[in-house]
There are 2 protein chains.
Amino acid sequence: MGYIVHQRKVKKEFVHVEGCKDTYIQWLIDEKVGAKNFAMRRFTVMPGGYTPLHRHPGEHEIYILRGKALVRLGDEEYEVRAGHAIFIPSNELHQIKNVGDTPLIFLCMIGYERG
Amino acid sequence: MGYIVHQRKVKKEFVHVEGCKDTYIQWLIDEKVGAKNFAMRRFTVMPGGYTPLHRHPGEHEIYILRGKALVRLGDEEYEVRAGHAIFIPSNELHQIKNVGDTPLIFLCMIGYERG
């Protein structure tokens, strides 16, 4: 069975993770609706906020919807805005900071593979 | 190695597939840049255009960025707009039609799994 949802209908949950600031997550598509290979999440990071600097096995594919971000990828940093796509390989160190004056909004898909 | 690209830098390729009309694809993230589990594509469907009515093993996760679409999923049809997320399971019949007056733009991730 397929599944359709508008993001406005999906609860924004505050991300309670060490090293994370002023960030909300919406799980739009995941295992609960039948996705077997990867999940789609929508993040909102408030101005001055950031996701944790971390690494993990699941691959990320990110698409910036709104706002301005500084992306840490390994030892490098890149400024991105709406329309940028970002691929983060398995186990690569990464972090996303809102460096703009408005909420930063992006989609972040994550693979269910484990390493 | 990670990878970052702005969608404007990625060529829009016309989709030459039977049953497809006035549709362009941009491959934003795929195996060529290291993605092992799923790919990210950005579609532009002109007013009156549509993707083919078909089914295939790879799972889809879609996010509507702009415009108005009619989505066929199995035997049902749903109207969607910017902010809608759509999950299409492996081998489910599907089609996306632009039913608005402006270009329909959406992201479509596809898993590399085969059934």
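Visitor: Does Ile25(B) count as buried or exposed, and at what relative accessibility?

Guide: Ile25(B) counts as buried, because its relative accessibility is 9%. Buried means under 20% relative accessible area, exposed means over 50%, and partly exposed lies in between (1.4 Å probe, protein chains only). Before going on, note that this is a predicted model: local features need pLDDT of at least 70, side-chain atom pairs count only at pLDDT 80 or more, and totals for chains, interfaces and linings use all residues. Residues are numbered from 1 along each chain as its sequence is written, chains are lettered from A and ligands numbered from 1 in the order in which they are written, and side-chain values use heavy atoms, with hydrogens and water left out.

Now place the residue. Ile25(B) sits in strand S3 of chain B, residues 21-29. Strands (E, at least two residues) are DSSP runs, numbered from the N terminus. Set aside the neighbours within four places in sequence. Ile25(B) then contacts Lys11(B), Lys12(B), Glu13(B) and Val15(B), and also Arg41(B), Arg42(B) and Phe43(B). Contact means heavy atoms within 4.5 Å. Phe106(B) is 81 residues from Ile25(B) in sequence. In space, the C-alpha atoms of Ile25(B) and Phe106(B) are 9.9 Å apart.

Next, look at the other chain. A rotation of 180° with 0.0 Å of shift along its axis superposes chain A on chain B, at RMSD 0.0 Å. That is the relation of a two-fold axis. The superposition is by least squares on C-alpha atoms of residues with pLDDT of at least 70 in both copies.

The two chains also touch. Chain A gives 42 residues to the contact, and chain B gives 42 residues. Of the interface residues of chain A, 100% are also interface residues in chain B, so the copies meet through the same surface. Together the chains bury about 3,200 Å², 63% of it on carbon and sulfur atoms. Buried area is the accessible area (1.4 Å probe) that two parts lose on being put together, summed over both. Several strands of chain A give two or more residues to the side touching chain B, among them S3 (21-29), S4 (38-50) and S10 (104-111).

Asp22(A) is not a glycine, yet has a positive phi of about 50°. Most residues other than glycine have a negative phi. Asp22(A) counts as partly exposed, at 30% relative accessibility.

Definitions and conventions:
Helices (H or I, at least four residues) and strands (E, at least two) are DSSP runs, numbered from the N terminus.
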